[in-house]
Amino acid sequence: MTDHKLPMRAKLATSLSRGAAALSRATGRGDGSVIGGRIALMVDPNLLAELAAGREIALISGTNGKTTTTRLTAAAMGVLGDVATNSLGANMPTGHTSALAKAGATPYAVLEVDEHYLKQVLDATHPKVVALLNLSRDQLDRAKEVAMMAALWRDALPGRDLHLVANADDPMVVWAAGKAVAAGTSVTWVAAGQRFHDDSWVCPECGASIERNGEQWACVAGNLSRPVPHWTVSGDGVVDNTGTYHHIELQLPGRVNRANAATALAVAAHFGVPPAKAVPELSKVASIAGRYAVVERDGRTIRLLLSKNPAGWLEAFDMADDVPTLLSINARDPDGLDTSWLYDVDFSPLRGRRVLVTGDRAMDLAVRLEVNDVPFEHVKSFSQALTLIPPGRLEVIANYTAFQDIRAELDRVN
Amino acid sequence: MSTESRLRLIWLYPDLLSTYGDRGNLLILARRADLRGLPVECAEVRADQAVPADGDVYLIGGGEDGPQALAAQRLIADGGLRRAVDRGATIFSVCAGYQLLGNSFYAKGAKCAGLGLLDLDSDRGETRAVGELAGEVDPALGLPTLTGFENHGGRTHLGPGVRPLARVTAGIGNDGRSEGAWHGRILGTYSHGPALARNPGIADLLLRWATGMTMEPIDDRWPTRLRDERLAAVLKS
Ligand SMILES: [Zn+2]
């Protein structure tokens, strides 16, 4: 697809969008991708469909890991040619429009999709592959209940010409994919793991209990059970659907990122990328919009981990090294206003480490850690934490706006 | 307290009603009992298991409409909770769990029968109540200001058989005027946070009801700072 093939209105909207994005970046209001997309969509609501036409597209959705998996998938697909992607996490239709407009003509696109918008983006972009990562509780005071989200997906997927790559370890995902799969949609099951089980004790199909036994899970009453995975994570690598093991030197930490890599390879494989060719590309990905970034400051080596919900916190504990750890929590609009979820997270993996707490809602965290028998120190800011810990490593785990605050503090000290 | 002099805490249906960090209330009760030297035994009873009638404190949490309706049906059919109340057990309920202890409530647009353990009825409000909740607690309970976070679409109307837990000073609670309810040793509230993290006084009241013993003060520095911070935030807005 090239610009001259776009209808006039779309062309106009695209150039307006590029102009607005540049303006928004120049005036320091965000990265420009959302503002550009919004103006473009006002000019032409069909623009996303028009920009998507002619590209082979993969959509990546789920509660956690979608930004990382999108980045890894785009890296893997890069083996084939130019890939458009919304790398800055602007994952709603305006962000997609802006990403495709900015990228110009590319044969491929990999788009991260907010789970609430999956149907809309399916309708507009006709993807070749859709990856479904996981579903768990997120921002309780406004997000849809997990089972409701799974039902939306379940009804949105059937009757389309697409291939699914889905997490066999998450009962909600398996059920969400189930209707399309039963109707003949092809699927690659990935054993991507599930660290947070509390949203899937009850079968979404019939309300009976879901029993777990090691990796296996099944509804005690009905037919919903763990499908046999085609791709699995094993040690520091991935076993593909032919049984071949691929060692991955991933710079991103934790088992969860090896699972994200497995999903990315499985998606790319469906476009014809041999895993052996994609693996070296995955190894080059170092940090994603500042997440996992390692920063040196005053002899301290600081790694930033972003965790937005209970499942994300459990994953962060798995990634974090046994070194002093700063936790920071806010409860502003983008974070969700209710901090009750802190009690869905078991903080005991942090016992024995030096733990510091900060953020708008440090007191919620303090009470939670006290109940969890995790000793801690309260600090006023990230900068104060730096003065208290000795030279060496520091892990920082923060939720959304707390993470942005700390990045801003780091920039200021720079 | 039961004969083996272990305090039995029973968390009902965490598989259905545990949307708002409800495990926190169980953990906090257990910890505060433990700090007073009371031996504690915690049990989690899932919706496909029988409700034991020999618990000392029962906890029921919050959840969405579907699970709430299912939980009420199963609790009514099971009968264990009513037998426990007849024995004098203590119940602490939050949000959906609070509504289902009443005479009736609405879930998914339909009126559902509650357990009738609290004299109250819940229906739908015109707006969803989401945000900080604060109120002055019934003087008969001798507790400091209630603080919590609420997130519900229901409005609750109290009958003559219960007393309001608090008079609302911020947020909605039952109806914008009163919040929660209590009768005998049964207490219900709309506040999460979870409620006992922000209101250790209520946790100690439940322990006193269940044991008949006075709860000696413990180090509540952090819960006090949390309370002060939240109540100041409500005043500011
Ligand atoms: Zn089932």
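Residues are numbered from 1 along each chain as its sequence is written, with chains lettered from A and ligands numbered from 1 in the order in which they are written. Since the model is predicted, local features need pLDDT of at least 70 and side-chain atom pairs count only at pLDDT 80 or more, while totals for chains, interfaces and linings use all residues.

**Confidence in chain A**

The average pLDDT (the predictor's confidence in each residue, from 0 to 100) is 88 for chain A, and 87% of its residues score at least 70. Residues 19-33 of chain A stay under 50, and the model gives this stretch 26 contacts beyond four places in sequence. Here two residues are in contact if their C-beta atoms, placed from the backbone, lie within 7 Å.

**Where the chains meet**

Chain A brings 21 residues to the contact and chain B brings 28 residues. On the chain A side, these divide into 11 nonpolar, three polar and seven charged. In this classification, Ala, Val, Leu, Ile, Met, Phe, Trp, Tyr, Cys and Pro are nonpolar, Asp, Glu, Lys and Arg are charged, and the others, Gly among them, are polar.

**Two helix pairs**

Helices (H or I, at least four residues) and strands (E, at least two) are DSSP runs, numbered from the N terminus. Axes are lines fitted to C-alpha atoms, for helices over the stretch in contact, and angles run from 0 to 180 degrees between N-to-C directions.

| Helix pair | Axes | Angle |
|---|---|---|
| H4(A) (residues 66-77) and H10(A) (residues 275-283) | within 8 Å | roughly 130° |
| H12(A) (residues 362-371) and H7(B) (residues 221-236) | 9 Å apart | about 155° |

For H12(A) and H7(B), the angle of about 155° makes the pair roughly antiparallel. Angles under 35 degrees count as roughly parallel, over 145 as roughly antiparallel, 65 to 115 as roughly perpendicular and the rest as oblique.

Within chain A, Leu72(A), Ala75(A) and Ala76(A) of H4(A) meet Ala278(A), Glu281(A) and Leu282(A) of H10(A). That contact has five nonpolar residues, no polar and one charged.

Between the chains, Met363(A), Asp364(A), Ala366(A), Val367(A) and Glu370(A) of H12(A) meet Trp222(B), Pro223(B), Arg225(B), Leu226(B) and Glu229(B) of H7(B). Six nonpolar, no polar and four charged residues make up this contact.
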